[in-house]
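Hi,

Here is the structure I promised to pass on. Have a look at it first, and then read my notes below.

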Amino acid sequence: MTRETANNQLCPLCEGENHCAIAAGQAAASCWCMTTEISDEAKKAAAEAGPPQRCICPGCAQRRAVRVYSP
């Protein structure tokens with residue numbers, strides 16, 4: 001495994017494993033993100049994390065998708 005490959009398997013937000021099927025050499029259709037709703041906020045945070053772009057992990061996708069109720 002190269003350093004680049006290892007980095008592609010890390011979430012840019014928490015640096016934990018992102019469980020990306022593509023980074024693991026599997027078909028994109030088998031990735032967890034294909035069946036999970038990811039909020040625009042989480043997508044924006046990942047894009048703002050800077051290069052190289054990497055997939056976020058399921059935990060960050062779920063935490064950032066939580067909406068806080070404000071009356």
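**What I found**

Of the contacts in the protein with a separation of 6 or more, 54% are between residues 24 or more positions apart; contact here means heavy atoms within 4.5 Å. Before you go further, note that this is a predicted model, in which local features need pLDDT of at least 70 and side-chain atom pairs count only at pLDDT 80 or more, while totals for chains, interfaces and linings use all residues. Residues are numbered from 1 along each chain as its sequence is written, and side-chain values use heavy atoms, with hydrogens and water left out.

**Overall layout**

The protein has three helices and zero strands, so its pattern along the sequence is α-α-α (helices are DSSP runs of H or I with at least four residues, strands are runs of E with at least two, and both are numbered from the N terminus). Of the 71 residues, 25% are buried. For accessibility, buried means under 20% relative accessible area, exposed over 50%, and partly exposed in between, using a 1.4 Å probe and protein chains only.

The mean pLDDT (the predictor's confidence in each residue, from 0 to 100) is 80, and 80% of the residues reach 70 or more. Confidence is lowest in H1, with a mean of 62, and highest in H2, at 84. Over residues 66–71 pLDDT stays under 50, and the model has two contacts beyond four places in sequence for that stretch. Where pLDDT is low, the predicted coordinates should not be read in detail.

**The loop between H1 and H2**

Asn18 is in the loop between helix H1 (3–8) and helix H2 (40–48). It counts as buried because its relative accessibility is 1%. Leaving out residues up to four places away in sequence, Asn18 touches Asn8, Gln9, Leu10, Cys11, Trp32, Cys55, Ile56, Cys57 and Pro58.

Glu15 is in the loop and has a positive phi of about 65°, although it is not a glycine. His19 lies in the loop between H1 and H2 too, and has a positive phi of about 60° without being a glycine.

Ser30 belongs to the loop between H1 and H2 as well. Its relative accessible area is 46%, so it is partly exposed. The Ser30 side chain reaches the backbone oxygen of Ala27 at 2.6 Å.

**Arg54 and its partners**

Arg54 sits in the loop between H2 and helix H3 (58–65). With a relative accessible area of 18%, Arg54 is buried. Its side chain makes a polar contact with the side chain of Glu15 (3.1 Å) and reaches the backbone oxygen of Leu10 at 3.3 Å. A polar contact is a pair of N or O atoms within 3.5 Å; within protein, one must be able to donate a hydrogen and the other to accept it, and residues adjacent in sequence count only if both atoms are side-chain atoms. Glu15 itself is partly exposed, with a relative accessible area of 44%.

Cheers
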